[in-house]
Amino acid sequence: MAEFRQSTKLHNVLYDIRGPILQAAQQMEAEGHRILKLNIGNPAPFGFEAPDAILVDMIRHLPHAQGYSDSRGIFSARTAVSQYYQTRGIQNIHVDDIYLGNGVSELITMSLMALLDSGDEVLIPTPDYPLWTASVALAGGKPVHYLCDEESGWQPDLEDMEAKITPRTKGIVVINPNNPTGAVYPEETLKRIVALAEKHGLVIFADEIYEKILYEDAVHVNLAKLTDDHVLCLTFSGLSKAYRVCGYRAGWMAISGPKKEAADYLEGINLLANMRLCANVPAQHAIQTALGGYQSINDLILPGGRLLEQRNKAYDMLNAIPGVSTQQARGALYLFPRLDPEVYHIRDDEKFVLDLLREQKILLSHGRAFNWVRPDHFRMVTLPNVKDIEEAIGRMGDFLSRYQGN
């Protein structure tokens, strides 16, 4: 009988935050164990509900959402996205520069498939959101990771970034606010990245899905506001996180900069958009209402809000564990703590997370799943309520007090 094997195109494609560790957790759940999942930034299971206005608007439009839409997306939603960026001081993103997608993930893959030839390079932060690395590899490209410096609050190391630019480099990925570190980049840092892109003729891929989830005095600056017409910038955002509707898969990509010079590339994006016919039409109808209505995310991130209080509790408790330290998140939904190698002799961070899962029934993501360079970090979501965070980190501390490494 013939044997069927996966394509060699997948040999360098990894997405470990939904890999063997999650499979082990699912097996434990099937056996009757209750697992506290701190591995995925999915607000709904933690009691964060979508705004009622979004639900009502989707329901009202269901009778009219049974057919395909324009491959870019419905006009009203694209208009709302364009107008949103106008309120952010970006005047060169028009309705036809917007592509709606089944979440940002689909659009990331499309944008890279349309650009990269075999061996082309894309600069991606380490640690990263691993879909970027996986999508570059799937498109036949080579992911090249530039360092983010933990001691400076996980800011990009711009010298390392420039040193890794070669004649094959096509673009720079900037994840801001950052997943997994929670860093938010100052305007001066972003201007220097734009200058590098202009100097070397590179595309900027701006992953800004967490732009509305900011804490205290953090300020988010859209990269497209800084690129003007000099640098091609693809901005990615959507409803999943700020509006708590990950399952709706409602994302967008906004293209700004020298579009005339990028006409051939954009034709490739159009081709791929046409091939997938269109994004999920019912969810497209949620976009206009979400962007134009009351921004309930502010109730969650301001003093007294759940997201802020949970972040603070997790930060305080993690830093109180001997040998554990974490930078404070200024945005997004995660912390990326460090395990001191002098205290915990961990050679395999995936095994560490599996050991914690099996003993304490707590599911985390190991640091190397985010293409971090050493086995000394893990990512924790800060979505559980304060009581569950106290329980989870208390059990982590108990586990670590006895853990000798691997």
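Biologist: Which elements do the buried residues of α10 pack against?

Modeller: In this predicted model, the buried residues of α10 pack against α2 (52-61), α3 (75-87), β2 (98-102) and β9 (250-256). The helix covers residues 281-292, and its buried residues are Val281, Ala283, Gln284, His285, Ala286, Ile287, Ala290 and Leu291.

Biologist: How should I read the buried residues of a helix such as α12?

Modeller: An α-helix has 3.6 residues a turn, so residues three or four places apart point the same way. In α12, the buried residues are Leu307, Leu308, Gln310, Arg311, Ala314 and Leu318. Viewed down the axis of α12, these buried residues fall within an arc of 165°, so they line one face of the helix.

Biologist: What covers the buried residues of α12?

Modeller: The cover includes α11 (297-301), β10 (324-325), β11 (334-335), β15 (378-381) and α14 (386-402).

Biologist: What span should the 14 residues of α12 have, and how far apart are its end C-alpha atoms?

Modeller: At 1.5 Å a residue, helix α12 (residues 306-319) should span 20 Å. Its end C-alpha atoms are 20 Å apart, which agrees.

Biologist: Which residues touch the most other members of the largest nonpolar core?

Modeller: They are Trp132, Phe205, Leu234, Leu307, Met380 and Met396, in a core of 134 residues. Leu307 is also one of the buried residues of α12. For Phe205, leaving out residues up to four places away in sequence, the residues touched include Trp132, Leu234, Phe236 and Tyr265. Ser111, Leu112 and Leu115 are also among them, as are Gly171, Ile172, Val173 and Val174.

Biologist: Is histidine 145 buried or exposed?

Modeller: Histidine 145 has a relative accessible area of 19%, and the cut-off for buried is under 20%, so it counts as buried. This residue is in strand β4 (residues 142-149). Its side chain makes a polar contact of 2.8 Å with that of threonine 133. Apart from residues up to four places away in sequence, histidine 145 touches Ile124, Pro125, Thr126, Asp128, Thr133, Asp160, Lys164 and Asn371.

Biologist: Where is serine 71, and what does its side chain contact?

Modeller: Serine 71 sits in the loop between α2 and α3. At 14% relative accessibility, serine 71 counts as buried. A polar contact of 2.7 Å joins its side chain to that of asparagine 274. Beyond neighbours within four places in sequence, serine 71 is in contact with Ala273, Asn274, Arg276, Leu277 and Cys278.

Biologist: What is the phi of glutamate 216 and of alanine 332?

Modeller: Glutamate 216 has a positive phi of about 55° although it is not a glycine. Alanine 332, also not a glycine, has a positive phi of about 70°. Glutamate 216 is in the loop between β7 (203-207) and α8 (224-227), and at 61% relative accessibility it counts as exposed. Alanine 332 is in the loop between β10 and β11, and is buried with a relative accessible area of 1%.

How values were computed. Residues are numbered from 1 along each chain as its sequence is written. This is a predicted model: local features need pLDDT of at least 70, side-chain atom pairs count only at pLDDT 80 or more; totals for chains, interfaces and linings use all residues. Side-chain values use heavy atoms; hydrogens and water are left out. A nonpolar core is a set of buried Ala, Val, Leu, Ile, Met, Phe, Trp, Tyr and Cys residues joined through side-chain atoms within 4.5 Å. Buried means under 20% relative accessible area, exposed over 50%, partly exposed in between (1.4 Å probe, protein chains only). Contact means heavy atoms within 4.5 Å. Helices (H or I, at least four residues) and strands (E, at least two) are DSSP runs, numbered from the N terminus. The expected span of a helix is 1.5 Å times one less than its number of residues. The arc is that of the directions from the helix axis to the C-beta atoms. A polar contact is a pair of N or O atoms within 3.5 Å; within protein, one must be able to donate a hydrogen and the other to accept it, and residues adjacent in sequence count only if both atoms are side-chain atoms.
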